[in-house]
Each structure stands twice: as C-alpha cells, then as structure tokens.
Amino acid sequence: MQEFFQFLVISNLSLLVVWGSYKLFLENNTFHGWNRAYLLIGSVLSLVIPLLPTQRTTSEALIGIELPTLDVSGGILQTTVHFIPLNPYFLFYSIGLLVALWFFVQSLASLVSLLKQSESETLHGVTVLRSEKAGPFSFLTIIHLPKYVSPSHLETVLRHEMAHVKLMHTYDVLWLRILQILFWFNPLLLLYKQSLQAIHEYQADALTQVDGSKERYVEIQVEQLFDLPRELSLANSFYNPINLKKRVNMIYSEKTSKWATMRYAVAVPVIAIVALMTACTEVPVDLVEQETDKVYENGVEVMPEYVGGMAALFAFVGEAIRYPEAAEAENITGKVFVGFVVDKNGKVGQVEVVKGVRDDLDSEAVRVVSEMPDWTPGMHDGKKVSVHMVLPISYQL
C-alpha cells in the first residue's frame with residue numbers, strides 16, 4: 001500500500017514539473033505540434049517515472065517482510081489467519097475514484113444522448129449531426145453543428161471542427177480524463193487539460209483560416225460565442241470563451257523563430273532530472289553491514305524460506321517458546337514483533353524487538369527467534385542476499 005501512495009505522489013509531482021516547465025518556457029511559442037507532444041509525452045512519463053527501479057531502503061519500525069502471526073496461549077502454539085485491515089486512506093481514494101468515474105460516465109452518456117437526438121445532414125460534402133441543444137463540437141470522427149449557426153459562418157465553423165477530427169484531438173482529451181479519474185484529488189490536472197485544449201484550438205485555428213483573412217476569422221468567433229454545456233466536456237468546441245483572448249493573440253502572433261526551439265533544450269531535461277531524483281539511492285547505515293552486503297526490506301525475487309516451510313517453523317516455535325509465568329499469572333497479553341535478518345548464508349542474526357509488550361514477553365520471543373536453525377537464503381538478480389524479516393508473536397490467554 002505504501003508503494004501505491006508513493007506512486008501517486010511521484011506521478012503528481014512529475015505532472016507539476018512538466019506543466020510548470022510548459023508554462024515557463026513553451027506556452028507562448030507557435031510550435032503547437034511540439035507543445036502538444038511535450039504535454040502528452042510528459043503525462044505518460046508521469047506514470048512511468050514512479051515505476052523506475054530503485055534501491056531505496058528505510059529503517060522505519062515494522063518495515064520488512066512480515067510473516068504470519070504466531071499465537072501463544074499458555075505455552076501452546078496456535079496458527080491463526082489475520083485479515084489485513086482496510087486502509088482508510090485507500091478507502092477514501094477509492095471512493096473519490098469511483099465518483100470521478102461516475103462523472104465521466106455521465107458526461108459520456110450525455111454526449112451520446114445528444115448525438116442520438118441530432119439529425120444527420122450533408123454540408124459541403126461532409127456528413128454532420130445538427131440540433132438546437134448545443135454549439136458546434138467534434139468528438140472522435142463525429143461533427144455536431146447547431147441549426148442556428150449563421151449561413152455565412154457555417155463553412156468556417158465546419159472547417160474548424162474538421163481540423164479537430166483530422167488532428168485526432170479527442171484522444172488527447174480522453175487520455176487527460178483518464179488521468180483526472182486516476183488522480184481525482186489533483187486540481188492541477190484541470191489546468192493541464194486546459195493547456196492542452198488551448199493548443200488544440202491553436203492548431204485548428206491555424207488550419208481553418210489559412211485561405212481567409214485573420215480579421216474575418218476573428219470576427220466570426222466574436223460575433224457568435226456558443227458556450228458548450230459542461231456535461232459535454234469530452235468534446236472539442238469551436239467557441240470557447242475562456243480561451244478566446246489567447247486564441248486571438250496567437251492568431252495575430254508572428255511565427256516563433258526556429259532559434260526558440262532551444263527552449264525545449266531547457267524544458268525536456270527537467271523531466272529527466274525528476275526521473276533521476278526518483279531513482280536515486282538512499283541506503284541508511286543501520287540496515288547495511290557493509291556496502292557490498294545490503295539488507296533488503298522488500299522487492300526480493302525469491303524470498304528466504306524456513307527449511308520445511310511455514311509448518312516446520314510453527315512446529316519449532318511451538319516446541320521452543322514458553323509463556324512467561326509472571327505474565328500468565330498477571331493475565332498480560334499482547335503481540336511482539338521480532339525483527340531479524342536472514343543473511344546470504346541462511347544464518348539468522350540481528351534479532352531485535354521492533355515493537356514489544358513488556359520485557360519478559362519480549363525476551364522470550366527474541367530467545368526463540370535467535371535459536372532458529374538456518375534458513376534457505378533469499379535470491380535477487382541470481383545472487384544470494386540478506387533479507388530483513390519480521391515475525392509477529394501474539395501472546396493470548
């Protein structure tokens with residue numbers, strides 16, 4: 001579970017770095033295709049970076065490979081099945097994810113419902129759907145136009161939506177919506193999505209007004225502003241009041257000099273730096289006997305195994321352990337977590353109480369674990385390795 005939350009944190013920090021670099025260095029240039037690629041590739045890398053192999057270890061309490069709990073009752077060993085309690089943070093995350101998924105399904109259902117209610121029509125050799133319930137938009141290969149579009153504007157609006165279809169912008173929007181579901185708690189993704197959709201509009205604008213004057217194209221946008229309903233947020237729209245000012249400025253902007261591509265030489269390495277920082281090694285001295293003999297906490301390919309398996313381990317502890325008389329007389333119960341290391345030779349060492357109850361119960365648990373015979377050592381990358389284990393021993397009356 002800890003690894004999952006670490007994945008969420010690193011992914012969202014990576015998204016922040018990518019978007020921040022875009023806003024600082026790239027947003028105002030006219031390399032729209034490159035900017036689009038930068039944001040899309042950056043969003044994919046945000047999922048890949050947390051999965052990079054690391055050699056990070058930690059000495060926090062209870063960190064290690066935990067074995068099944070052994071119950072001791074009056075000197076008699078019992079084996080019990082312990083259910084992993086549901087992590088409240090994971091429950092909260094799951095509820096949020098389901099809510100975000102529900103909104104996505106609702107949005108998709110509203111879009112499909114509108115398209116079903118629209119009438120098919122051929123305009124300038126292109127089949128479109130028309131209705132009076134929404135402004136012009138495109139979704140995948142489908143183009144919707146409102147019936148109230150001025151005839152003098154119709155061709156321009158149609159060409160704009162055809163540009164969205166040609167450039168496959170819907171797939172970008174769907175991908176960002178998936179990220180918004182996965183990272184529903186991150187408001188940055190709304191800004192990230194808006195930045196990407198602004199690039200979509202810049203690209204479509206550039207393709208639409210090639211043969212016409214810039215002034216006339218801007219007039220069409222200003223004269224008829226259609227606000228796309230929120231439930232149709234999956235679609236691309238010709239009229240977007242939020243981005244209109246930026247779009248007009250971009251239309252009148254001079255093409256960015258090719259020398260400005262050097263900005264990517266600054267922005268792109270930022271992602272590499274994040275990846276490097278994620279994969280950096282942290283090896284605390286207290287868990288490592290020598291630099292060449294690292295003690296693994298998790299992620300071992302082949303786990304150490306008690307000779308004869310868990311049944312033999314239970315049998316050994318059951319015969320060796322005794323419920324301290326004083327603790328039994330005073331009805332003292334509790335669970336002792338004993339940490340130990342199975343080294344690359346299978347020897348048991350570094351036995352210590354990770355979390356105890358009281359001295360006599362703790363000492364008895366440590367004594368028994370210290371007397372365990374050799375294990376079959378763990379293996380990683382084809383080599384025998386030392387592995388930190390935790391054995392919970394529960395004293396019950």
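Which residue in E16 is the bridge partner of His 380? Lys 383 is that partner. The points below start from this pairing and concern a predicted model.

1. Strand E15 covers residues 378–380. Three bridges join E15 to E16, and the two strands run antiparallel. The bridge between His 380 and Lys 383 belongs to this pairing. Two residues lie between the strands of the hairpin. Asp 381 sits in the turn and has a positive phi of about 55 degrees.

2. E12 against E16. Strand E12 spans residues 334–342. Nine bridges connect E12 with E16, again in antiparallel fashion.

3. E10 against E16. Here the direction is parallel. Strand E10 (residues 293–296) is joined to E16 by two bridges. Val 295 has Ser 386 as its bridge partner in E16.

4. Burial of E16. Strand E16 runs over residues 383–395. Of its 13 residues, 11 are buried, so the strand is largely enclosed by the rest of the structure.

5. A nonpolar surface patch. Turn now to helix H3, residues 88–117, which contains Val 99. Val 99 belongs to a nonpolar patch on the surface with Leu 91, Ile 95, Trp 102 and Phe 103. Together these residues have about 500 Å² of accessible area. Is Val 99 itself buried or partly exposed? Its relative accessibility is 41%, so Val 99 counts as partly exposed.

Terms used
Residues are numbered from 1 along each chain as its sequence is written. This is a predicted model: local features need pLDDT of at least 70, side-chain atom pairs count only at pLDDT 80 or more; totals for chains, interfaces and linings use all residues. Side-chain values use heavy atoms; hydrogens and water are left out. Patches are made of residues with over 30% relative accessible area and no salt bridge: like charges are joined within 9 Å, nonpolar side chains (Val, Leu, Ile, Met, Phe, Trp, Tyr) within 5 Å. Accessible areas come from the Shrake-Rupley method with a 1.4 Å probe; for residues, only the protein chains shown count as cover. A salt bridge is a side-chain nitrogen of Lys or Arg within 4 Å of a carboxyl oxygen of Asp or Glu. Helices (H or I, at least four residues) and strands (E, at least two) are DSSP runs, numbered from the N terminus. Buried means under 20% relative accessible area, exposed over 50%, partly exposed in between (1.4 Å probe, protein chains only). Two strands pair if DSSP finds at least two bridges between them.
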